[in-house]
Amino acid sequence: MSMREIKLCLLGDSGVGKSSLVQRFVSDTFNTHSQPTIGASFMSKTLVVDDQSYKFQIWDTAGQEKYRGLAPMYYRGAAAAIIVYDITRESSFSAVKMWVRELEQYGPGDVVLAIAGNKADLVDQREVTYDEAHKYADQINATFVETSAKTAVNVTQLFTAITRKLPAEII
Ligand code: GDP
Ligand code: MG
């Protein structure tokens, strides 16, 4: 089986669960006291989809204002980007729109974009509706899922959906 390497970066406000999603995807664990990311961290994980092997090279960035300027180092040259927000925090959804504009301006033109509404387990605290986010994602041709790093809901599906949107490999 051939192996395709996919550089992917995660963007989004701090505290939305970017590192937790990566941890769930890579090691299938969850930490209630996840430490804030400093700068960025790198992890790798292989996923097999439709008899094709994908080696994700994942850059998990820090959402804090002081690290924002570093983001271009991670999204430049990326084949895919996941922009994460927290369904219980409306301001984190506004930040998604900011990241989309930034990627449109400075990011790779052919980047496969996914939006993840994380903390889907906290439905009783929901501030962002599924429909509003889904509609927005459709408008910008992004994949959309609501995820929970805590319960693992839709985490593998998120990465699988990305592999299906990648352009055919040029041989
Ligand atoms: P990051 O700053 O975007 O990397 O966010 P973290 O992954 O560090 O997560 C921030 C906080 O949210 C931590 O306390 C996590 O345990 C918590 N968290 C992350 N994902 C989820 C989730 O899906 N559900 C719930 N309930 N908490 C989560
Ligand atoms: Mg983090």
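**View 1. The shell around ligand 1, sorted by residue type.** The shell around ligand 1 in this predicted model divides into four nonpolar, 12 polar and four charged residues. Here Ala, Val, Leu, Ile, Met, Phe, Trp, Tyr, Cys and Pro count as nonpolar, Asp, Glu, Lys and Arg as charged, and the others, Gly among them, as polar. The ligand is surrounded by 20 residues, with Gly17, Lys18, Ser19, Ser20 and Ser34 the closest; a residue is near a molecule if its C-beta atom, placed from the backbone, lies within 6 Å of it. Helix α1 (residues 18-27) gives the largest share of this shell, three residues. Helices (H or I, at least four residues) and strands (E, at least two) are DSSP runs, numbered from the N terminus.

**View 2. The sheet as a whole.** Now for the strands: six of them form an open sheet with mixed pairing, in the order β2-β3-β1-β4-β5-β6. β2 (40-49) and β6 (143-146) stand at the edges with a single partner strand each, so one side of each has no neighbour in the sheet. From one strand to the next the twist averages 25°. Two strands pair if DSSP finds at least two bridges between them.

**View 3. Strand β1 and its two partners.** β1 (residues 3-11) runs parallel to β3 (residues 52-61), joined by eight bridges. Look for arginine 4, which stands opposite tyrosine 54 in β3. Four bridges pair β1 with β4 (residues 80-86), again in the parallel sense, and cysteine 9 stands opposite alanine 81 in β4.

**View 4. From β4 to β5.** β4 and β5 (residues 112-118) run parallel and are joined by seven bridges. Alanine 80 has valine 112 in β5 as its bridge partner.

**View 5. Two helices across the sheet.** Helix α3 (residues 90-106) lies across β1, β4 and β5, at about 160° to β4. Helix α4 (residues 130-139) lies across β5 and β6, at about 160° to β6. Axes are lines fitted to C-alpha atoms, for helices over the stretch in contact (C-beta atoms, placed from the backbone, within 7 Å), and angles run from 0 to 180 degrees between N-to-C directions.

**Reading the views.** The protein averages a pLDDT (the predictor's confidence in each residue, from 0 to 100) of 94, and 99% of the residues score at least 70. The model scores ipTM 0.99 and pTM 0.96. Residues are numbered from 1 along each chain as its sequence is written, while chains are lettered from A and ligands numbered from 1 in the order in which they are written. In this predicted model, local features need pLDDT of at least 70 and side-chain atom pairs count only at pLDDT 80 or more, whereas totals for chains, interfaces and linings use all residues.
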